[in-house]
Amino acid sequence: MRVIANIQMVANIAVLFFVIPLAIIAVNTLLPKKLAGRVSFYLGGFAGIMQAAAAAADFFLLSANRLHEYEFSLLWDLSIEGSERFSVDSLSLVMLFCIGMVTIVSVLVAKQTVHDRKRAYVNLLMTLILGMNGMVLVTDLFSLYVFLEVVGLSSFILIAMFKTDTGLEGAFKYLVMSVMATVFMLTGLAFIFMQTGSLQYKHVGMNVLRFQSHSQSVLIYAALILLISGFAIKTGAVPFHSWLPDAHQSANTAISILLSGIVIKVAGIYGFIVLVDLFNEVPAINMTVAVIGTVSIITGALLAMQQNHFKRIVAYSSVSQVGYILLGISTGSTLGLLGTVVHIFNHATFKSALFSNAAALHEQVGSLDINEMGGLEKRMPVTAFSSVTAFLSTTGIPPFAGFWSKLLIIMALWKSNMQVFAGIALVASIFTAAYFLRIQKKVFFGKLPDKYENLTEVKGTVKFAEIMLSVVTILTGVFFPLALLYLKGRGII
Amino acid sequence: MSEQIFESAILITGFLLIISGCYCLIRTYHMIKIIIGIEVAMKAVSMFIILSGYISGNEDLAQTFVITSIVIEVVVAVVAAGIAINLYRKYGSMDIRNLTKLKG
């Protein structure tokens with residue numbers, strides 16, 4: 001009896017992922033203008049905290065009940081045939097937790113970088129969260145696409161909303177690339193629909209290779225190519241990465257945190273996870289994803305070495321790190337998926353930390369050109385420390401969190417007979433270290449220019465965000481062996 | 001037989017529309033023309049969805065998909081036009097060759 005009550009709780013909590021953002025939008029819109037200026041950020045932060053708490057609670061309830069996944073609906077009856085089903089499982093709950101965490105960081109940073117249009121910022125943030133929550137909870141490809149568009153549209157407006165030259169330019173480039181992705185994806189969906197007559201995951205997964213006639217398999221391969229291209233554009237994987245550094249550099253830093261920390265992962269990587277899961281019988285898909293991943297790792301790192309803008313380097317670093325995540329997905333094994341999920345969490349942490357550093361530097365120094373900086377370690381110790389932790393975690397130096405996720409991914413690659421890719425992933429870590437050492441040396445080490453003699457450490461919420469993310473990175477790294485022991489007990493590694 | 005010709009005709013028209021839309025994206029420098037190109041390509045996609053509903057015998061589901069995708073299309077067009085208007089106010093022209101602030 002108690003177990004049944006708990007299961008009902010899972011659904012009740014899961015409904016919150018839709019209710020919280022909608023309620024916050026309603027409250028925030030109805031507030032009088034004067035009050036909204038003061039309260040909006042608190043509402044946004046509240047939504048983030050609630051989301052993270054709900055995801056954590058649901059995760060523990062689900063594992064306490066030994067359930068794999070749980071299906072629920074909002075207001076309609078699940079027993080009607082063809083009704084939309086939402087489903088929570090461990091993977092989607094980790095994603096939801098990451099969304100909540102990045103939202104909190106974004107609001108903390110926005111408190112110091114967003115000075116006008118606070119209400120609009122929070123409302124768009126909530127639409128973005130709603131779209132991302134929808135993406136990880138739906139169970140059919142068309143709804144996935146609809147929520148993907150919600151995410152995309154909110155991001156365009158968030159990038160462009162402060163009407164700077166660069167913001168508008170970045171948003172326009174992102175929009176055009178994104179529409180290409182939409183066209184590819186919808187055409188692919190139409191082909192799959194032609195074949196299966198339904199776009200629900202379970203029907204697609206069952207029917208996709210049932211027909212073996214030549215023209216039909218051509219259709220499925222065409223659909224697969226189109227869908228992979230579409231999601232690769234959304235992820236910013238090479239060769240579709242051209243929009244990513246532009247959009248992430250030009251947006252307000254609070255918004256760059258969202259875009260780089262979570263949007264590319266939910267909008268792109270999650271799509272890849274679904275695709276590899278649905279089409280796991282098509283042998284070519286693993287190799288394709290692996291090759292895209294490897295090329296992304298190397299190209300992203302090489303391009304990051306040549307940049308001089310702090311945020312642009314961090315954005316190219318996202319291209320490179322996404323490559324590791326794609327390699328983890330390409331194995332198709334449980335271990336690989338686990339490495340992927342842990343790396344998604346770690347990437348959300350350290351990329352948010354690096355963008356918070358960018359916000360701190362922008363607030364205090366006033367510019368983000370790394371050639372103008374130097375020796376800031378003495379004046380901004382907290383920012384320097386947080387940047388060094390994030391960089392060590394990105395590179396994969398042992399006690400930090402990034403080491404464990406990369407280790408899991410490389411182990412998974414080795415076990416699924418993709419040793420070449422494992423070797424490349426290992427060697428490419430050197431490139432990661434190279435471009436991050438360049439940033440550290442130019443920004444934080446060396447001689448302090450005379451004009452920065454009176455510089456002080458950033459205060460308030462940005463400092464808090466930096467400290468929080470460093471603590472999360474270090475604690476995850478230090479306590480991760482416990483998680484490994486648990487996994488070994490379960491027989492996964 | 002005539003049904004097959006009808007289906008292939010729609011498929012080919014759709015591909016031609018997508019190609020012309022992408023050609024429009026690549027070859028023109030005017031933002032409004034780019035938005036028109038986007039819309040042309042999206043219309044072709046709607047046609048594909050209708051065709052696939054017809055072939056798989058799920059016309060009702062296809063109709064709901066198409067209506068949803070039309071709504072999304074309109075919103076995308078509105079946001080794109082909004083960004084284009086703001087860029088026009090900044091630069092005084094709709095030429096995308098002005099957009100050279102972000103490089104590298």
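These are legends for several close-up views of a predicted model.

**View 1. The largest nonpolar core and the residues at its centre of contacts.** This core counts 194 residues, and Y121(A), L141(A), L361(A) and L376(A) are the ones that touch the most other members. Helix α10 of chain A, residues 253–278, supplies the largest share, with 18 residues. Apart from this core lies another one of 12 residues, including A290(A), Y324(A), F421(A) and A428(A).

**View 2. Y121(A) and the residues around it.** Here we zoom in on one of the residues that touch the most other members of the largest core. Setting aside residues up to four places away in sequence, Y121(A) touches F41(A), S106(A), V107(A), A110(A) and V114(A), and also L158(A), M161(A), A254(A) and I255(A).

**View 3. Where chain A meets chain B.** The two chains bury about 3,400 Å² between them, and 81% of that is on carbon and sulfur atoms. Chain A puts 39 residues into the contact and chain B puts in 40. On the polar side of things, there are 6 residue pairs in polar contact between the chains, both residues being at pLDDT 80 or more. Looking at the side of chain A that touches chain B, the elements giving two or more residues are α5 (141–160), α6 (165–196), α9 (243–250) and α12 (310–330). Of these, α6(A) gives the most, with 20 residues. Sorted by type, that side of chain A has 22 nonpolar, 10 polar and 7 charged residues.

**View 4. D165(A) and its two lysine partners from chain B.** The count of salt bridges between chain A and chain B is 2. In one, K101(B) pairs with D165(A), with the closest N and O atoms 3.0 Å apart. K90(B) also forms a salt bridge with D165(A), and here the closest N and O atoms are 3.7 Å apart. K90(B) sits in helix α3 of chain B (residues 59–91) and D165(A) in helix α6 of chain A, so this pair joins two chains. How accessible are the two ends of the K90(B) pair, K90(B) and D165(A)? K90(B) is partly exposed, at 42% relative accessible area, and D165(A) is partly exposed too, at 27%.

View 5. Buried or exposed, then, for D246(A) and R312(A)? D246(A) counts as buried, at 5% relative accessibility, and R312(A) counts as buried as well, at 3%.

**View 6. A salt bridge within one helix of chain B.** Over all chains, the whole structure has 10 salt bridges. This view shows the one where the side chains of K43(B) and E39(B) meet, at 3.4 Å from N to O. Both residues lie in helix α2 of chain B (residues 31–56), 4 residues apart, or about one turn of the helix. K43(B) is partly exposed, with a relative accessible area of 42%.

**View 7. S416(A) in a loop between two helices.** S416(A) is found in the loop that runs between α15 (401–415) and α16 (419–443) of chain A. Its relative accessibility is 26%, which counts as partly exposed. A polar atom of the S416(A) side chain lies 2.6 Å from the backbone oxygen of A412(A). For a sense of scale, the C-alpha atoms of S416(A) and A237(A) are separated by 23 Å, and the two residues are 179 apart along the chain.

View 8. T383(A) has its place in helix α14 of chain A, residues 381–395. At 0% relative accessibility, T383(A) counts as buried. Which side chain does the side chain of T383(A) make a polar contact with? The partner is E457(A), at 2.9 Å. Leaving aside neighbours within four places in sequence, T383(A) is in contact with N357(A), A360(A), F444(A), E457(A), V458(A) and E466(A).

Note on methods:
Residues numbered from 1 in each chain as written. Chains lettered and ligands numbered in written order. Predicted model: local features only at pLDDT ≥ 70, side-chain atom pairs only at ≥ 80, totals over all residues. Heavy atoms only, no water. Core = buried A, V, L, I, M, F, W, Y, C linked by side-chain atoms within 4.5 Å. Buried < 20%, exposed > 50% of the residue type's maximum accessible area, 1.4 Å probe, protein only. Contact = heavy atoms within 4.5 Å. Buried area = accessible area lost by both parts, 1.4 Å probe. Salt bridge = Lys/Arg side-chain N within 4 Å of Asp/Glu carboxyl O. Polar contact = N/O pair within 3.5 Å; in protein donor to acceptor, adjacent residues only side chain to side chain. Nonpolar A, V, L, I, M, F, W, Y, C, P; charged D, E, K, R; others polar.
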